[in-house]
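Hi everyone, thanks for making time.

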Protein chains: 2
Amino acid sequence: MSVINWFRHADPDGARLASVFRATFDQLYDGQRTGRYRWDQLYKTEKTHFGTLIEINLQREFGFEDGLLMDYKIAGEEVDCKYSATAQWMLPPESINHLILGSVANDAKSTWSLGIVRATPENRNAGMNRDQKGSLNALGKSRIRWLFKDSPLRPNILLQLPVNIVEGILSQRSGQARVNALFRNATNMRITRNIVATVAQQEDYMKRVRNNGGARSALREEGYLILSGDYAAQRRVAGDLGCVVPDVGEFVCVRVGPVDLAKEGSVDINGQLWRALAPSDIATSAAPVIDGQ
Amino acid sequence: MSVINWFRHADPDGARLASVFRATFDQLYDGQRTGRYRWDQLYKTEKTHFGTLIEINLQREFGFEDGLLMDYKIAGEEVDCKYSATAQWMLPPESINHLILGSVANDAKSTWSLGIVRATPENRNAGMNRDQKGSLNALGKSRIRWLFKDSPLRPNILLQLPVNIVEGILSQRSGQARVNALFRNATNMRITRNIVATVAQQEDYMKRVRNNGGARSALREEGYLILSGDYAAQRRVAGDLGCVVPDVGEFVCVRVGPVDLAKEGSVDINGQLWRALAPSDIATSAAPVIDGQ
């Protein structure tokens, strides 16, 4: 079996790989403890070693056998793992003629890529640096077999919201006020648990979302309904309202209002029909409480 | 202020440094998820990058400013961070004439060291490898200023117990049975929370220690008293019994029996006197429950 087939079998849709890239960014940001969510907030040592953590985390996720010469052995082949933000992987001389598992990830664009290429002398530039590492040349680049190219990364919405909104959220004094501001400002977006932790910056950050004293109860009067992707019923409500559907481990917040007649985009919650409000609509009623929330 | 003075001020007794070394081993073992506790159980990529993680974790703990040329700037000086299990730090040519913050750690021996030395041409061997990294020569080694030398690391008792005992503990089927076996076999030793997590291998591993259905209730009838270092009263009981005193985040398990007359090593718990049992003593009574446990 080829290395490419090995991955097609182990991770057909790339969900496991995507989770490794997301988790590695989040591990470096260390948001729950530090509140950081952007690359430029990292220490030099952290930035320098993103590729190292990807290397470790890929082996942990897939349990690759150790290579004798390279990082891993996959499907019987020695494979070296390389990361570069711009796909300019630096290939050490000892990797020549071995396979390179090259990755790229961009948290601002929410994309990641993974490709395989053989580091033949023909495919690479001669190493010019002291360490004689060489990058792929034009031929080598043309020969990258992309397993996944610009695949979607679970989004980091603190990089997607306007900077002044993010600053407004983070400038609130208490963790609860920051989480309330997050849900009020990030409607119809997938909000991961890690984002809640980064904004709350406390141990039991999930408390800050709950009905009983969390954002759900604080924002209910203003018509905000916070749906959790951990429950099929809540994912269905999101879909029926025509808004973004949260994945497992995510929330989506939507402003809703009551309607009298069933139509496209209306949802029955405990015997009352609801629809998503447009930004210009005024909330006339508190959001419903969904069973189990 | 010199770099040495900076450390003497920031971490007079080395407690912060010691916690970084302990946490880095534990982070790599990833025991709660994987059950691993030994270096040889790690993946190649994990072993290769222990020094990288130390570098990141030291900067996170102490908040060193980024260096312009080297890893950090400490007390106005460029400082490069190096780790080696044998103090054979490999110094890249760009570090010449800069300070090296060199570390050593040994989980089996429960020790760590940290020293400072300047990578002058006089102090180092010429780099012979492709990457021209050179180690310290005899003169350079003699000039290391050790801030801490073979300081105690919070012990990893799974490396200190006999191998067959550890295998016996880990071969139990359930997390609760493994935790019970741990406390029964590791009396009078400091058992960290991380060790409990590694043995339990489950999310809410602290439940496996509690009175209410955990090891405390399971082992009470056999005379085992599990003391937590998080409480001053329990630390005092450990000290009065003449056994090892648990630190914060640690447990110490001791087998006790009732005594009639107060003497050296006896402790009053809720109106009854207790003493630590010798291995040859037979437990004649269930261990007491300490208030708040």
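**A strand pair, a sheet and an interface**

Let's start in chain B: Ser228(B) has Phe251(B) as its bridge partner in S9(B). Before I go on, this is a predicted model, where local features need pLDDT of at least 70, side-chain atom pairs count only at pLDDT 80 or more, and totals for chains, interfaces and linings use all residues. Residues are numbered from 1 along each chain as its sequence is written, chains are lettered from A and ligands numbered from 1 in the order in which they are written, and side-chain values use heavy atoms, with hydrogens and water left out.

Back to our strands. S8(B) and S9(B), which covers residues 250–259, pair in the antiparallel sense over five bridges. Strands here are DSSP runs (E, at least two residues), helices are runs of H or I with at least four, and both are numbered from the N terminus. Two strands pair if DSSP finds at least two bridges between them.

Why is S8(B) described as largely enclosed by the rest of the structure? Because five of its five residues, 224–228, are buried. Buried means under 20% relative accessible area, exposed is over 50%, and partly exposed is in between, using a 1.4 Å probe and protein chains only. Tyr224(B), Ile226(B) and Ser228(B) point one way, while Leu225(B) and Leu227(B) point the other. In a regular strand, side chains alternate between the two faces of the sheet.

Chain B also has an open sheet of six strands, in the order S1-S2-S3-S4-S5-S6, with mixed pairing. Its edge strands are S1 (65–66) and S6 (145–152), each pairing on one side only. S1(B) pairs with S2(B), residues 72–74, in the antiparallel sense over two bridges, and there Asp66(B) stands opposite Tyr72(B).

Now, the interface. Here 32 residues of chain B are in contact, meaning heavy atoms within 4.5 Å, with 32 residues of chain A. The two chains bury about 2,400 Å² between them, 48% of it on carbon and sulfur atoms. That's the accessible area (1.4 Å probe) that two parts lose on being put together, summed over both. On the chain B side, Lys44(B), Arg60(B) and Arg130(B) lose the most area to chain A, together 31% of what that side buries.

How many salt bridges does the rule find across this interface? Four, where a salt bridge is a side-chain nitrogen of Lys or Arg within 4 Å of a carboxyl oxygen of Asp or Glu. Arg60(B) meets Asp30(A) in one of these, at 3.7 Å, N to O. Arg60(B) also forms a salt bridge with Glu46(A), with the closest N and O atoms 2.4 Å apart. Arg60(B) lies in helix H5 of chain B and Glu46(A) in helix H4 (residues 44–48) of chain A, so the pair joins two chains. Glu46(A) counts as buried, at 0% relative accessibility.

Within chain B, Arg36(B) and Glu46(B) form a salt bridge too, with closest N and O atoms 2.9 Å apart, and both residues are buried. As for shared partners, salt bridges link Asp30(A), Arg33(A), Arg36(A), Glu46(A) and Arg60(B) into one network.

One last stop, in chain A: Leu161(A) sits in the loop between strand S6 (145–152) and helix H7 (163–170). Leu161(A) is buried, at 9% relative accessible area.
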